[in-house]
Amino acid sequence: MTTVRRAVLTLPAAPLGPDNPLPALRTPAGAGAHAVDARTLAELPRDMARGIGRAPLRSLLPAPVRDGYGRERTAADLDTIVIENDRLRVTVLPGLGGRVHSLLHKPTGRELLYRNPVLQPAAFALNGAWFSGGIEWNIGATGHTTLSCSPLHAATVRAPDGGPMLRLWEWERLRDLPFQVDLWLPEGSDFLYVGVRIRNPHERTVPAYWWSNIAVPEERRVLVPADAAWHHGYERGLNRVPVPVTAAGADLSYPLNGVHAADFFYDLPEEQRRWIAALDADGSGLVQTSTDPLRGRKLFLWGTERGGRRWQEWLTEPGTPGYAEIQAGLARTQLEHLELPGGAEFSWLEAYGPLAADPAAALGDDWAAARTEVEGNLAAALPRTAVDVAYTAWREGAADAEPETVLAAGSGWGALEVLRGGYALPGTPFPESTLGPDQEPWRELLRTGVLPPPAKGAGPGAPLVAAPWRDMLETAPADPSTEYHLGIAQWHAGDRAQAVRSWERGLHRAEVRWPLLYCLAVADREDGHPERAAERFAEAFADHADHADRPDYADRPDYADRPDYDDHADHADRDAGEAVAAALGREGVAALLATGRAGPARELWARLPAEVRGRGAFRLLEIRILLAEGRPGEARAVFDEGFEVADLREGAEILGEVWVELTDELLPDAYEFRMRPS
């Protein structure tokens, strides 16, 4: 019989740490890694070009940036949910985006996925923290979802065959859409079934995006029913190339034959069954297939150049095998978004399981014969009609079923949206009991028309930017906190001039000025006023420093002996204050250096807490300060001593750029993260 149960997985893990306390007014610096240059865009098929240009993100609002993690790992117990029958054991991480950590085929003892032996966050998600391995569910916009390291709601539901099914669901905040992922194992099945539904409860059309991302060991051959693919590299081109052999003669169905990191979006014929497989030297491995709406298939490989190999080490333990990604998505490429009309949904079914093929055929030079071998074995193991029938049974008989036993809780944002909009979402309840401190001020605004100000000395709280919330903010009493949040919502809507006016109005009456000064500094920088931006970043840092100490009795030697002293709250306040100081300091130093003011940059850097200055990102800032001061020898010494920028973004080239200012020597391997061809 199939079972669904809670369990615990212990892994070496780097703690996520606090979210960045500053509002994400801009898209991340590394977002350009997924861009397409204008000349290439003009040469693409018209519908593909429209999909690529559809509703690009102006910012990451309202999602927070997650950059509080480091590189030090200790053993951590992770809550898991295990789905198991007599053929497969599936381990899911509900607190980390619902990631499938492991897919074990019990009769053979084979792990079908790349299972990362550590949990090491890195800056690959749209909003920062992400980790490699397993199967992840990417919704929102081009890139890894903002929910990569966030908890999802989880509960058991009745599967179409009457057995237990695991439902994961959440409210995706970039596009303001609820979604669900249902996972079940029919009794005796070698395949994990996954039903996915994205719903648009609004009246307006919304851009939609989905890619299921599957990590597999890179010592595999990747097979897919296509003769061509769209190649996208970090040089921002998008070119149609033959499969499996490129113009350079390399067979890139073997990921280790790739030199440079690259995406290959396969051009599947319209009537072709959707599938992709990764097989080892014995002809055995994983196959993924789906109903037709999930049309896209992709291979991502890291390449054999130093940058790609360094990233592989960065994301796991050095010396462990590398991985590649095979993916399945709603569009032909990850650069495109589809239109989801108001009141409509996208839904489909995926299946994941083992596949064994004749290695002589599946791994041979005859690409057509290799595909035929795999497709024939897939048809024998799981016919196409069986997938379609399973989808219909799920969509009509189980997708709306109400959860039975709650196993994990996600965020309260969905509950807040349901409370505001009165949405009926059968199968994915967002009860008011899930509302928490982040949502409470907004519930009060909804109830009374007044947004409560934050506690004295506290930060401004999490923003909301959707049009209904913006309308409520516009009619609420205009205190500094409301003006701050209204400006953020206006900025997100593209009304930047009005956002600046709101922030300036709030600044005149604000006791705690740094949140508004930060927003105005970002606006100055975006509007081409770098000097004024640098001044405002520095002013924001100074204002926070002035308010950093507890105003009541924190500076008294006996304050810890007072009866109302809360040690936990005190540490939390100090941690929150340090996070703000680090975020503002990093922005301020960089802005001052960009305008040639090394002296003020040095002064600001020196005011940061010692622990913050010791982090890798701030060691890099120290190098840049030393270079600006004309002290290259001391800057080189910091490199030689060694440091790690924990939140270095995918595609970042800053370490190499700074290195060449010091020397013409080869950049050491430890700092080589460049992804583009040299």
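Which residues of β19 point one way, and which the other way? I began my notes with this strand.

**Entry 1: basis.** I worked from a predicted model, in which local features need pLDDT of at least 70, side-chain atom pairs count only at pLDDT 80 or more, and totals for chains, interfaces and linings use all residues. Residues are numbered from 1 along each chain as its sequence is written, and side-chain values use heavy atoms, with hydrogens and water left out.

**Entry 2: strand β19.** I located β19 at residues 274-279; helices (H or I, at least four residues) and strands (E, at least two) are DSSP runs, numbered from the N terminus. I found that Arg274, Ile276 and Ala278 point one way, while Trp275, Ala277 and Leu279 point the other way. In a regular strand the side chains alternate between the two faces of the sheet. I noted 6 of the 6 residues of β19 as buried; buried means under 20% relative accessible area, exposed over 50%, and partly exposed in between (1.4 Å probe, protein chains only).

**Entry 3: neighbours of β19.** I then looked up the pairing, which requires that DSSP finds at least two bridges between two strands. Strand β15 (residues 221-223) runs antiparallel to β19 and is joined to it by 3 bridges; valine 222 has alanine 278 as its bridge partner. Strand β20 (residues 284-290) also pairs with β19 in the antiparallel sense, over 6 bridges, and here isoleucine 276 is partnered by glutamine 288. I recorded a hairpin formed by β19 and β20 with 4 residues between them, where glycine 283 in the turn has a positive phi of about 85°.

**Entry 4: salt bridges.** I applied the rule of a side-chain nitrogen of Lys or Arg within 4 Å of a carboxyl oxygen of Asp or Glu, and the count came to 53 salt bridges. One of them joins arginine 221 and aspartate 251 at 3.3 Å, N to O. Arginine 221 lies in strand β15 and aspartate 251 in the loop between β17 (238-242) and β18 (262-266), so the pair ties together parts that are 30 residues apart in sequence. Both arginine 221 and aspartate 251 are buried.

**Entry 5: further pairs.** I found arginine 536 in a salt bridge with aspartate 524, the closest N and O atoms being 2.8 Å apart. This pair links helix α13 (residues 530-547), which holds arginine 536, to helix α12 (residues 514-526), which holds aspartate 524. Arginine 536 is buried at 17% relative accessibility, and aspartate 524 is buried at 4%. I also noted a network of salt bridges that links Arg5, Glu84, Arg89 and Lys106.
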